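Subject: Structure for your review

Dear colleague,

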Amino acid sequence: MAEHIAIFDTTLRDGEQAPGYSMNLEEKLRFARQLEALGVDVIEAGFAIASPGDFASVQAIASAVKESTVASLSRALKKDIDSAWDAVKAAARPRIHTFIATSDLHLEYKLKMSRQQAYDQAVAMVIHARNLCPDIEFSAEDAARTDRDYLCRVVEGVIDAGAAVVNIPDTVGYSMPQEFGDLIAYLMNNVPNIDKTILSVHCHNDLGLAVANSLAGLKAGARQAECTVCGIGERAGNAAVEELVMAIRTRKDLYDYSYNLKTEELYKTSRLLSSITGVAIAPNKAVVGANAFAHESGIHQHGMMANARTYEIMTPESIGLKKTTMVLGKHSGQHAFVKRMEDLGYTLNAEMATKLFTDFKNVADKKKEITDRDLIALMESGTHAAPKIYELDTFVVNSGNNMTATACVTLRRDGKKMQAVEMATGPVYACFKAVERIIKHSYVLEDYQLRAVTEHRDALGEVLVKISDNHGVYRGRGVSTDVIEASMQSLLAAVNRMIEVEEHAVAETEESDHSAGRKAKEWIRLSEEALSRDMKVSGTVKEDVSKEHHHEK
Ligand code: KIV
Ligand code: ZN
């Protein structure tokens, strides 16, 4: 019988730690719910002691998620472990994940500890954690560069202390697949009580080998793999869950394992991550990139028509992408539109269907054929939960190669129109200055990305902006056939998030007795309301955004 592999997702901890990927509480909660739908066995929700915002999000996820185990990371320190437990104890299946570095390099230069001290600390802290929580995972940080016999001793000690899972990270992505497989085999053969635990692998991608190393570790006996969606994570990232699981599914002849993950949710999960973080997925990204199932060359197309297996080793349907022969355009009705959205993995409630169908019709008036990529872009910009505080009424720009650009922008707030005219070196810059003047709130433009959604001449332009003020970092996304309009939409989405936090912060100081727990509960309530309204959420938590700011500066 096929042996079971557990998938431990650390997108919300190792992934979120990476610059540019930070999320606020509402976004983490939304993503955690999708991870649950994806069927991951464990969600590492964060590092509870890192900040009040981290604590509140781990706690909120622990209370909301019912199927997956919810873990919090903690150093092998009492106060970390106690905080991790406080954050996860409401979970249906709580786990404390505690770690200490074991390589000589880390012991000497980072921890300034002897091997024996680190061993004693690891064992004592697993015992402490085990007294609080029935499910303990221990990680030996930098295990891949740790002396093998010392590593065996640590693993044996923490198993005796009660670690149900022992994780072997290649923290700096240094290992080669053969070598990493050998390390896992060595532990399997030399740790006397190894049958009392599950060995886990956690591989970083510094040399592009995270998935290969994880597969080698599984082959050698590990039964849990730690991954992130799209491989996001520290530096070059972690093993990508979609690559690892699709490798197992596609090469069942070599990896005969069972797993709970529903691969049909992979595409949707990767899109949700991109839409929340504002970081685009590279078109050539394995499994979920826009080109992963595109066959451009004549030879390939001919082969595909004769038999899809000539060039396709997995089907688009297996990751949740449904093929279509139906082309949507301006004569398509709402029914066909909603059906196609469903095929792409998005279930729309009546309100969202009406809103997105209006956006779709506006685009279809200007663009003959609407592709799936256009629909996804519309979906992502239309549902990214930005509050509607300032709305675009009109803009007029005047620009050319030998002149200063001018923008006249009119915004509406609470039905009142406000207008400003600004000049700058380019039309987008002039528009952004005009918005800043109207809202009377200065901000820094941290990032601006413009891309064409498809290759065609009439392609939609998609703009992602990131702005910051002294409370945090805010993202926005906009899509239009006019790139200035897309820029305005994305800026207004970000600006509205910023204004909301500002106004929320003022309200919060007036009512300053909110505890982290109360906030978490409020967020679950908001999120549940949001889900029933299909991802329309308002409100945010100040601490999370401040942390974001701190991270990204
Ligand atoms: O890469 C690593 O070693 C980690 C541990 C904390 C599990 O992320
Ligand atoms: Zn890591």
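Predicted model: local features only at pLDDT ≥ 70, side-chain atom pairs only at ≥ 80, totals over all residues.

Ligand site

The shell around ligand 1 consists of R13, D14, H97, F99, S139, E141, N167, P169, T171, H202 and H204. By class, these residues divide into 2 nonpolar, 6 polar and 3 charged. Four elements each supply at least two residues of this shell, namely α1 (11-15), β5 (94-101), β6 (136-141) and β7 (165-170).

An N or O atom in the side chain of R13 is 3.0 Å from an oxygen atom of ligand 1. For the side chain of H204, the distance from such an atom to a ligand oxygen is 3.0 Å, and for that of H202 it is 3.1 Å. On its own, ligand 1 has 260 Å² of accessible area, and the protein covers 94% of this.

Barrel

A barrel is closed by 8 strands in the order β2-β3-β4-β5-β6-β7-β8-β9, with parallel pairing. From one strand to the next, the twist averages 25°.

Open sheet

A separate heading is given to an open sheet of 3 strands, which has the order β14-β15-β16 and antiparallel pairing. Its edge strands are β14 (444-452) and β16, each of which pairs on one side only. The twist in this sheet averages 15° from one strand to the next.

Strands β14 and β15 run antiparallel and are joined by 8 bridges; L450 has V463 in β15 as its bridge partner. Strand β15 (residues 461-469) in turn pairs with β16 over 9 bridges, also in the antiparallel sense. Here K466 has R475 in β16 as its bridge partner. A hairpin of 2 residues joins β15 to β16.

How many of the residues of strand β16 (residues 472-480) are buried? The count is 9 of 9, so that the strand is mostly covered. In a regular strand, side chains alternate between the two faces of the sheet. In β16, G472, Y474, G476, G478 and S480 point one way, while V473, R475, R477 and V479 point the other way, and all are buried.

Helix α13

In helix α13 (residues 334-343), the buried residues are F337, V338, R340, M341 and D343. G345 follows this helix and has a positive phi, near 100°.

Two loop residues with positive phi

K112 is a residue other than glycine with a positive phi, near 50°. K112 lies in the loop between α5 (104-111) and α6 (115-132). Is K112 buried or exposed? K112 counts as exposed because its relative accessibility is 65%, and the cut-off for exposed is over 50%.

V287 is also a residue other than glycine with a positive phi, in this case near 70°. The loop that holds V287 runs between α11 (266-277) and α12 (298-306). V287 counts as buried because its relative accessibility is 6%, and the cut-off for buried is under 20%.

Yours sincerely

Terms used. Residues numbered from 1 in each chain as written. Chains lettered and ligands numbered in written order. Heavy atoms only, no water. Near = heavy atom within 4 Å. Polar contact = N/O pair within 3.5 Å; in protein donor to acceptor, adjacent residues only side chain to side chain. Areas by Shrake-Rupley, 256 points an atom, 1.4 Å probe, with all protein chains shown as cover. Nonpolar A, V, L, I, M, F, W, Y, C, P; charged D, E, K, R; others polar. Pairing = 2+ DSSP bridges. Axes fitted to C-alpha atoms, helices over the stretch in contact; angles between N-to-C directions. Buried < 20%, exposed > 50% of the residue type's maximum accessible area, 1.4 Å probe, protein only.
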